[in-house]
Amino acid sequence: MKTKKLLAALLLMMAVFSVSIQAQQMPPIPVDEAVRIGKLDNGLTYYIRHNDYPEHRVNFYIAQRVGAMQEDDNQQGLAHFLEHMAFNGSEHFPGLGILDFTRSLGLNFGGDLNAGTSFTRTVYNVSNVPSTRQSALDSCLLILKDWSHGLLLEDKDIDEERGVIHQEWRQTTDAKERMDTRQLKNIFPGSKYGERMIIGKMEIVDNFPYQVLRDYYHKWYRPDNQALVIVGDVDVDYIEGKIKEMFKDIPAPAADAAKVEDYPVPDNEQPIFVVDKDKEQSTDMILAMYKHDHTPREAKGGIDYLIMDYAGDIASEMMTQRFQELAQDPDCPFVDAGCINSTFLWTNTKDAFTMIAMPKEGQAEATMQLLETECRRAVEHGFTETEYARAQENYMSSLESEYNERNKISNHHYATQYYNNFLENEPIPSVEQKYQIMSMLLPNLPVEVINGYFEEVVDPSGRNLVVTCYSTEKDGAVYPSQESLKAAFDKALAAPVEAYVDNVKQEPLMAQLPKAGKIVKETENTTFGYKELELSNGVRVILKKTDFKEDEIFMQAVQRGGESLYSEKDWANLKLYDGVMSMCGLGEFSRNELNKALAGKQVDVSASIETYNDLVSGESTIKDLETMFQLTYLTFTDVRKDEKAYGQLKNMMEAQLKSKDQVPEATMSDSLTYVLSNRDWRGKPFNVENLQEVDLDRVMQIAKERTANAAGYTFYFIGSFDDATIRPLIEQYIASLPAKKGAKSNWVNVETHPQGDNVIRFERQMETPKTTIQSIWYDDKTPYSLEHGLRAQILGKVLDKVYTQLIREDAGAAYSLMTMGNATLEGDRPFALLLAYCPIKPEFTEQTIEILDNQLIAAGKTIDATTLNEVKNELIKDHESSLKENGYWMRQLINYVERGIDNVTGYEQIVKAQTPETVAAYARHLKEAGSKVEVIMTPKQ
Ligand SMILES: [Zn+2]
């Protein structure tokens, strides 16, 4: 910290804390006392915390301080390979024992049981373990122990996994990854970061000798590089005792054991420009990164670290706001841009102030010039008092929400903080402590502190600047070069810049309040625990008060009708409806003015349209509830056309749609939707030329039609509202909405699906060749019931396991597949489906098509009882969690009130009642009575 302004502020701050010490010694950040931290003699660290949210669930983690950066040249990709092997046989869980055991607890692989490898860390987890069985918790500790020290790494298992990793590379390598791989050396000159990618090299993955992987494991997976994190509904003393007993015999590292090194990223005196292009890059993208020093681990303990973090967040927020404002200018060279102050890409030794921009076609240079100009403007003239006041209000308001929810923090949230503490020494104060420190500090941190910090980390001369510019490769495109970007940068550097002027509207959202109406009738529903109100203007209101969260209120207003009431000539207008609604002004405020006026408020209201429904959705905290009501009132009565904001939306859509067809997955999903809609206009792919058909005035007119009669809507409120507070607000803002009592709109059934078997097969050019198969079996005749829906879900989950076993594990032909089943209503019509999504090795196309069909037929004959039980446990466990979520209840209340569907009562009994016979019968029914759409996309040779 060199800047005088920043230092002055820190000294001032220390006076607040009445600490008289040298400037170098900041008051320390306290450590949350509720977490038990300890270390065994062999060097293993542990964090244990009791947490009741959610009840009866525990998460287990082991974090390794090593990743791809620790690989030798002949081990490239093996840190990640090893992560896969952790699920393929260990001392106490041979074979697929870990998967089998966790499935028996109702956990699912990929979600509850998972792992992730990065450049500098590898973290494994078993999450949402039911805490009711002590023996299950002990077994999870045993899994952590095996991960720490007991992997078998057998020849046969290694060989089987090569194909899976190869397929993961095929499935996950996208345009960005290809360009990063090509450009690594240029982005990180003189650093080991220039020589590593996590997925590694396929020639190594396919061929490495077994011992090379074992070497990595034994060299780096040691107790001194590991931390266990256990958070949840546990007895902390018991778990600590168990850890001491179970992990003490893992040997300590030898005195001469290799040390985990940090790999530095050198500074660069001259700006670095990196350009590349790829046929599947969906939009042009520029990252301009001003590198700055990373705070070393040992310097993160003082309050100055919190202040720097705050200053970085606030500066990037203010800069993002400026970019958002610029993007609304029709002449702005970029479609959208934003900022973040964080680590430099994926390193842990350098930080960067990063600007991300999506340039308009052919305007990469102009975008570069503008980014640099804005950086200089902020450094030379600083941010303004009014911008800062808004950013500070936003910060304080989210800090307050965090504080209000302090007793409802998830196990995963805590765990992430704890392993970040172990890996990077990130501070772990409690929410209360952080709230106290920051609310004391904030009034003493004037905008000069932020300006001082920004000046310190961003040197607009171009020192330490790294720019990557990735373009879409296509016919007729002109690409920027290193020279042209450098010339644009130099141009920005040479021109004078003026200070930013902040235009703010200092008016209330609503100058005059409407004449309030009344609640005229009230009834109670005991099945779903809600109150139903009828208002004087005919609007129906459903109130369900919950304590799932301390400070969360959801609103949903629903009316039947939606797109089903419009014809093909409004197709493009309907496609852009949601976007236009999110960018329009309200009352006297343009969208930009509205965004500024809502600073410091945790509130959001938006209107949207679905095939069969019109929606106005809202979300708010207790404190901002009235603002949510005002925004809702204005959405119904005073939506304002905002040409500027619409221009920005159009630019954004244009950039996305122009390159949509570059991405094979987009082509795939377009053709599936179209075929499934029976080639109806509603299912047509929306392309860039269709943008010209949108008529803004017509969209505004549709919006007026959809909100003209509030009495057609039912308003749902769920969450932690206070009954005495919300009722007057309902009378003031909802009972006063214009309405025609008794006149309700209704939907028209419009969706149809092709009957019989429909197989579409096509070839396309790809950068990384792979086949993708999507199969949907469906039944649009059998009436909807919860039992049918659950059978479809169970069948989906059972087949997911079968397909994964045959296609991924046995054949090594896929990395991840997805199969799911569900039943719902489209308008008044039932629609039950089973969907399988398989990206696979091209040479495995025909076998996969056969497996998909044959296994559905096989499921119609018999269902494996063990698998069925695992799936039933999983559904019941997930349902228990859902019952404590406001979002879940919102969906279920709407189903119940709008369509009379009760998806809650009897759920568990119905799941439990399912047998191999009932599910097999459902599979037969779907296969025989249903129809099928299958889309197969193969690479062009
Ligand atoms: Zn992987």
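Buried here means under 20% relative accessible area, exposed over 50% and partly exposed in between, with a 1.4 Å probe and protein chains only. Helices (H or I, at least four residues) and strands (E, at least two) are DSSP runs numbered from the N terminus. The model is predicted: local features need pLDDT of at least 70, side-chain atom pairs count only at pLDDT 80 or more, and totals for chains, interfaces and linings use all residues. Residues are numbered from 1 along each chain as its sequence is written, and side-chain values use heavy atoms, with hydrogens and water left out.

H2 is mostly covered, with 8 of its 8 residues buried. Among them are His-80, Glu-83 and His-84. The buried residues of H2 pack (contact means heavy atoms within 4.5 Å) against S4, S5, H5, helix H7 (202-207), helix H8 (210-220) and helix H25 (786-810).

His-84 in helix H2 (residues 78-85) and Glu-168 in helix H5 (residues 155-172) are 84 residues apart, a pair that links distant parts of the chain. His-84 is buried at a relative accessible area of 8%, and Glu-168 is buried at 9%.

**The six-stranded sheet**

An open sheet of 6 strands has the order S1-S2-S6-S3-S5-S4, with mixed pairing. Strand S1 (35-39) and strand S4 (113-117) are at the edges with a single partner strand each, so one side of each has no neighbour in the sheet. Neighbouring strands are turned by 15 degrees against each other on average, direction ignored. Helix H9 (residues 236-247) packs on the sheet and touches S1, strand S2 (45-50) and strand S6 (226-232); the direction of H9 makes about 160 degrees with that of S2. Axes are lines fitted to C-alpha atoms, for helices over the stretch in contact, and angles run from 0 to 180 degrees between N-to-C directions.

**Antiparallel pairs**

Two strands pair if DSSP finds at least two bridges between them.

| Strands | Bridges |
|---|---|
| S4 and S5 (residues 122-130) | 5 bridges |
| S15 (residues 553-560) and S18 | 8 bridges |
| S17 (residues 603-609) and S18 | 7 bridges |

Ala-115 has Tyr-124 in S5 as its bridge partner. In S18, Ser-617 stands opposite Gln-556, and Ser-620 stands opposite Val-603. A hairpin through 3 residues joins S17 to S18. Strand S18 (residues 613-620) is mostly covered, with 7 of its 8 residues buried.

A nonpolar core is a set of buried Ala, Val, Leu, Ile, Met, Phe, Trp, Tyr and Cys residues joined through side-chain atoms within 4.5 Å. The largest one has 68 residues, and Phe-715, Phe-717 and Ile-730 have the most contacts inside it. Leaving out residues up to four places away in sequence, Phe-715 touches residues including Val-539, Met-555, Gln-556, Phe-636 and Leu-737.

Gly-538 is in the loop between strand S13 (530-535) and strand S14 (540-545). Gly-538 touches Ala-711 and Lys-741, not counting residues up to four places away in sequence. The C-alpha atoms of Gly-538 and Ala-743 are separated by 9.4 Å, although the two are 205 residues apart along the chain.
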